[in-house]
Amino acid sequence: MTHITTDRLIMGAMRLGSWGANFTTLQYGEFIEECLRLGIHRWDHADIYGDYSTEEAFGKIFEASPELRDKISIITKCGIRRVCDARPDHKLKSYDSSADHIRISVENSLRAFRTDHIDTLLLHRPDHLMEPAEIGECIADLQAAGKVITFGVSNFTTSQIELLSQYAPVQVHQLEVSLTNLGAIAHGDVDYAMRHEIEVQSWSPLSGGELFSKDRSDRARRIYQAACDLQERYDAEADQIILAWVLRHPAQISTILGTTKIERVRSAIKALGIYLSREDWYGLWQASTGKRLA
Ligand SMILES: NC(=O)c1ccc[n+]([C@@H]2O[C@H](COP(=O)([O-])OP(=O)(O)OC[C@H]3O[C@@H](n4cnc5c(N)ncnc54)[C@H](OP(=O)(O)O)[C@@H]3O)[C@@H](O)[C@H]2O)c1
């Protein structure tokens with residue numbers, strides 16, 4: 001296999017709002033349009049991004065260009081109660097998957113995005129106090145009302161997904177999968193998703209930029225060097241090889257790009273055409289663990 005569809009690339013909005021580049025509506029518009037030209041139409045959000053401001057800032061583009069809404073698929077998350085000025089009633093960071101919290105969060109997101117539906121709603125973190133039957137009923141109501149199309153989770157354990165799946169159709173699991181976080185592959189999250197046909201979406205596939213920073217850890221340095229060593233063989237840049245490492249897994253993992261630069265999105269497209277050999281894939285794994293395979 002040498003070609004992978006652009007559906008496997010998702011654009012992340014976490015760093016585009018006030019937590020990062022602080023895009024204007026015009027900048028969002030240009031970025032969205034260029035992503036569409038590149039074949040990227042899925043956008044990952046969370047209610048908390050930008051301290052509850054990024055969905056709203058992004059949604060302004062649909063006032064200016066309503067035709068864009070049908071061309072884009074919106075993923076957003078709820079379930080974290082973040083302490084910030086926008087939520088003065090949150091006194092301590094906590095998780096909340098109660099039906100009331102989910103419903104209110106969905107209504108807030110719909111209003112912020114100026115839309116009548118969320119394409120994919122995820123529970124952002126596992127709530128240890130979750131009541132699976134209550135969540136199931138709430139998601140069924142939201143889906144019946146057409147307000148949520150697809151449902152999923154993020155950062156859950158497999159046993160939490162198994163429990164919740166008895167009551168709600170979990171179709172997506174968004175979790176950290178990268179060369180600095182091998183756990184999801186090594187410890188069963190990814191193969192559980194494969195077995196149950198759950199889409200895996202990897203957040204921070206480039207380790208949040210750590211691999212490229214000057215004061216990176218020894219582990220990050222080893223990974224970066226191992227990727228650089230493969231540049232010539234694949235006629236690719238180190239970041240493309242690192243993304244290709246995630247994409248190479250048979251679970252058909254989707255990657256969420258966190259860059260704020262459109263040229264890096266363009267560059268990521270090339271990763272879709274790189275098919276790492278087994279030895280090269282394991283060579284990168286070994287660079288991460290610092291140990292030879294058993
Ligand atoms: N579900 C969850 O719990 C969760 C958690 C975290 C994130 N997410 C989602 O995942 C998305 C991606 O996460 P992420 O932003 O951490 O992804 P990432 O792609 O691993 O990291 C993006 C960061 O790496 C930098 N970078 C990328 N390529 C680079 C290069 N070649 N050289 C130097 N720096 C480079 C970017 O800087 P530039 O902007 O300068 O390119 C940016 O600061 C987020 O936007 C969010 O939607 C979800």
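1. Overall build. The chain of this predicted model contains 13 helices and 10 strands. Its radius of gyration is 19 Å, close to the 19 Å that the globule rule gives for 294 residues, so the chain is as compact as a globular protein of that length. The C-alpha trace spans about 50 × 45 × 35 Å along the principal axes of the chain.

2. How the pairs are described. Two packed helices are described by the angle between their axes together with the distance between those axes.

3. Helices α9 and α13. Helix α9, covering residues 218–229, packs with helix α13, covering residues 278–289, at an angle of about 160°, and their axes are 7 Å apart. Because angles over 145 degrees count as roughly antiparallel, α9 is roughly antiparallel to α13. The crossing of these two helices, α9 and α13, is right-handed. On the α9 side the contact is made by R219, R222, I223, A226 and A227, and on the α13 side by G283, L284, A287 and S288. Sorted by class, the contact of α9 with α13 holds 5 nonpolar, 2 polar and 2 charged residues.

4. Helices α1 and α12. The axes of helix α1 (residues 25–38) and helix α12 (residues 262–271) come within 11 Å and cross at roughly 15°. Since angles under 35 degrees count as roughly parallel, α1 is roughly parallel to α12. The crossing of α1 and α12 is right-handed. Helix α1 contributes F31, E34, C35 and L38 to the contact, while α12 contributes I262, V265, R266 and I269. The residues in the contact of α1 with α12 comprise 6 nonpolar, no polar and 2 charged.

5. Helices α3 and α4. Helix α3 (residues 54–64) and helix α4 (residues 99–113) pack with their axes 6 Å apart and at an angle of about 45°, and α3 and α4 are therefore oblique to each other. From α3, the residues E55, E56, G59 and F62 meet S109, A112 and F113 of α4. By class, the contact of α3 with α4 is made up of 3 nonpolar, 2 polar and 2 charged residues.

Key:
Residues are numbered from 1 along each chain as its sequence is written. This is a predicted model: local features need pLDDT of at least 70, side-chain atom pairs count only at pLDDT 80 or more; totals for chains, interfaces and linings use all residues. Axes are lines fitted to C-alpha atoms, for helices over the stretch in contact, and angles run from 0 to 180 degrees between N-to-C directions. Helices (H or I, at least four residues) and strands (E, at least two) are DSSP runs, numbered from the N terminus. Angles under 35 degrees count as roughly parallel, over 145 as roughly antiparallel, 65 to 115 as roughly perpendicular and the rest as oblique. A crossing is left-handed if the near helix is turned anticlockwise from the far one by less than a right angle, and right-handed if clockwise. Two residues are in contact if their C-beta atoms, placed from the backbone, lie within 7 Å. Ala, Val, Leu, Ile, Met, Phe, Trp, Tyr, Cys and Pro count as nonpolar, Asp, Glu, Lys and Arg as charged, and the others, Gly among them, as polar. The radius of gyration is taken over C-alpha atoms; the globule rule is 2.2 Å times the number of residues to the power 0.38.
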